[in-house]
Amino acid sequence: MITVQQAEDIILSQSQDFGTETISYLHASGRILAEDLTADRDLPPFDRPTVDGIAIRYAAYEKGVRSFGIKAIQSAGEPPLSVDSETECIEIMTGAALDHSMDTVIRYEDITIHNGSAAINADIKKGQNIHLKGRDKKAGEVLVKADQVITPVIMGILSSIGKTSVSVKKLPKIIIISTGDEMVSAESVPNHYQLRRSNGITIQSVVKKYNIEADILHLQDDYEEIRNELSRCIRTYDILLMSGGVSMGKFDYLPEVCEELGIEKLFHKIKQRPGKPFWFGKNKDQKLVFAFPGNPVSVFMCLHRYFIPWLERSLGLSGSSPQYAVLQNDMQVSFPLQYFVQVMLSVNQAGQLTAESVETNGSGDFSHLADTDAFMELPLEKDIFRKGEVYKIWKYNDQ
């Protein structure tokens, strides 16, 4: 058996670059940006008022002029209007293009309009209430760096710079394979000795957060069926995410099948609980097999502790580093394995992320996953953990 850290190092050493592709910006939400986004022109592209009011030449105000004849009214989206003399002004709306013949904007609240003239009723400063051209970014400057998820904000930026085609990271082709004669479909009414399948849909839902539409397959505990389907899948897909068939039972065929198919075992079994029987390997074409134990909590923990960091590393994301939280209760672990305890997270008055452990009934008890937020990773070299100590957490429910 290897340690958790050794398993992490081996898995991350197998990170892969799946290349890039160009897609319509309309379909880019949630994908990983593969190029820097730059301004196609100055932002803003023209001087523009930040309030509704009048635009004047400040030089006239300096000379004592306090009343200006209104030459015209200009709304946003119209060509800029100019004044012909210092004693004229333009009524102008927020966001309109300000002509260079004016350099100061006074809001309506600070003027009085009567008989076509606007009188200023407040002290003003030169250049006030104007968002200057290029103040935010100059043409060619980077607006968004590559290697991050395209969020709604970035979608807006794509649209604003006319970036209708965008380069994104290609996603690995994934199939999720569950095994077990005792597992029946969610639509079935199980016998008293059967269970409904849940691991496949759980894994599929997690990877869908990365815009990956993974296929799902269930196999019976039959050696020939497992061998034939794995042989097909390892040719067709980049990644196989499996649950079940990796322990010490007589019908746990996966390790033997993988050996027969030329899939190299990189490790089998980790000094951890849950998820001890985890199997990981690759074939000559660098296709990877993540074979998790069949218990739901084991699958969920291994998925978030190992596969998600691998996926984010492969896609160039930097968000796979764990967070840390302050333990809120004393704990004692009575087995010589690195323990991943389910915790509920909160934030205390000092702004610290805190974690309170929840007692469960083992790796088959998935009922608490809906009520908890993360796994807290407790160090292998200790067996007593005290309130106030800080440890890694791997979040699975968003706060």
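**Rings, cores and overall shape**

Author: Seven helices and 28 strands make up the secondary structure of the protein. Keep in mind that this is a predicted model.

Reader: What makes the pair of phenylalanine 385 and tyrosine 391 edge-to-face?

Author: The structure holds 16 aromatic pairs. In this one the ring centres of phenylalanine 385 and tyrosine 391 are 5.6 Å apart and the planes stand at 85°. Rings pair if their centres lie within 6.5 Å, and planes over 60 degrees apart count as edge-to-face, so this pair is edge-to-face.

Reader: And are phenylalanine 385 and tyrosine 391 buried or exposed?

Author: Buried, both phenylalanine 385 and tyrosine 391.

Reader: Why is the charged end of arginine 66 said to sit over the ring of tyrosine 61?

Author: It lies 3.7 Å from the centre of the tyrosine 61 ring. The distance limit is 6 Å, and the charge must also be within 35 degrees of the ring normal. The charged end of arginine 305 is likewise placed over a ring, that of tyrosine 306, at 5.3 Å from its centre.

Reader: Which residues do ring pairs link into a cluster?

Author: Phe18, Phe267, Phe278, Phe280, Phe290, Phe292, Tyr306, Phe307 and Trp310.

Reader: What makes the largest nonpolar core a core, and which residues have the most contacts inside it?

Author: A nonpolar core is a set of buried residues of the listed nonpolar kinds, joined through side-chain atoms within 4.5 Å. The largest has 42 residues, and those with the most contacts inside it are Leu241, Phe278, Phe290, Phe292, Phe307 and Trp310. Elements that each supply at least two of its residues include helix H1 (4-12), strand S17 (239-243), strand S21 (288-292) and helix H7 (296-314). H7 gives the largest share, eleven residues. There's also a second, separate core of 21 residues, with Ile226, Leu230, Cys258 and Trp279 among them.

Reader: What is phenylalanine 292 in contact with, leaving aside neighbours within four places in sequence?

Author: Leu241, Met242, Ser243, Gly244, Val246, Phe278, Val299, Cys302, Leu303 and Phe307.

Reader: How do you know how the protein compares with a compact globule?

Author: By radius of gyration: a compact globule of 399 residues would come out near 21 Å, but the protein has 31 Å. Its C-alpha atoms fill a box of roughly 95 × 50 × 40 Å along the principal axes.

Reader: How many of the residues count as buried?

Author: 45% of the 399. The protein exposes about 19900 Å², of which carbon and sulfur atoms supply 47%.

Key: Residues numbered from 1 in each chain as written. Predicted model: local features only at pLDDT ≥ 70, side-chain atom pairs only at ≥ 80, totals over all residues. Heavy atoms only, no water. Phe/Tyr/Trp six-rings, centres within 6.5 Å; stacked < 30°, edge-to-face > 60°. Buried < 20%, exposed > 50% of the residue type's maximum accessible area, 1.4 Å probe, protein only. Helix = DSSP H or I, 4+ residues; strand = E, 2+ residues; numbered from the N terminus. Rg over C-alpha atoms; globule rule 2.2 N^0.38 Å. Areas by Shrake-Rupley, 256 points an atom, 1.4 Å probe, with all protein chains shown as cover. Contact = heavy atoms within 4.5 Å.
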